[in-house]
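Biologist: I have a model on the screen and some labels to check. Can you take me through them?

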Amino acid sequence: MGMGGISIWQLLIILVIVLLLFGTKKLKNIGQDLGGAVKGFRSAMSDGEKGGGEDEEPQQLEEHKAERSAESSPAGAKPADKTPADKGRV
């Protein structure tokens with residue numbers, strides 16, 4: 001090609017060097033992590049377009065915390081008294 005153009009041979013040489021430096025297993029893990037991040041970003045963007053995603057998330061987190069605390073408490077144990085901050089929540 002011309003000046004500044006990259007040929008297929010130069011790309012192949014760069015690919016071989018990257019494979020030698022990182023190894024195939026490390027590159028596979030990086031690809032999976034990057035793919036998961038892109039997938040999460042896309043789902044967050046689609047949830048944002050639907051609307052209401054921000055209001056539902058804290059409620060789901062509270063429900064999840066309540067379920068986990070109920071599972072971890074020993075049988076017959078009384079639930080802890082609510083703090084002043086929790087008294088306003090239902």
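Biologist: How do you know what span to expect for α1, and what does α1 reach from its first C-alpha to its last?

Modeller: The expected span of a helix is 1.5 Å times one less than its number of residues. α1 has 15 residues, and 21 Å is expected. From its first C-alpha to its last, α1 reaches 21 Å, so it is close to the expected value. After α1 comes Gly23, whose phi is positive, near 85°.

Biologist: What kind of model is this, and how are residues numbered?

Modeller: This is a predicted model with residues numbered from 1 along each chain as its sequence is written, and local features need pLDDT of at least 70. Side-chain atom pairs count only at pLDDT 80 or more, while totals for chains, interfaces and linings use all residues, and side-chain values use heavy atoms, leaving out hydrogens and water.

Biologist: Which helix has the highest mean pLDDT, and which the lowest?

Modeller: pLDDT is the predictor's confidence in each residue, from 0 to 100. Helix α1 (residues 8-22) has the highest mean, 92. Helix α4 (residues 84-87) has the lowest, 56. The chain mean is 74, and 53% of residues reach 70 or more. Where pLDDT is low, the predicted coordinates should not be read in detail.

Biologist: What makes a run count as a helix?

Modeller: A helix is a DSSP run of H or I with at least four residues; a strand is a run of E with at least two. The protein chain has 4 helices and 0 strands.

Biologist: Why is Leu12 called partly exposed?

Modeller: Buried means under 20% relative accessible area, exposed over 50%, and partly exposed in between (1.4 Å probe, protein chains only). Leu12, in helix α1, has 38%, so it is partly exposed.

Biologist: Are Val18 and Leu27 buried or partly exposed?

Modeller: Val18 in helix α1 has 28%, so it is partly exposed. Leu27 in helix α2 (residues 24-50) has 27%, so it is partly exposed too. Of the 90 residues of the chain, 0% count as buried.

Biologist: Which residues does Leu27 touch?

Modeller: Contact means heavy atoms within 4.5 Å. Not counting residues up to four places away in sequence, Leu27 touches Val18, Leu19 and Phe22. With neighbours within four places left aside, Val18 is in contact with Gly23 and Leu27.
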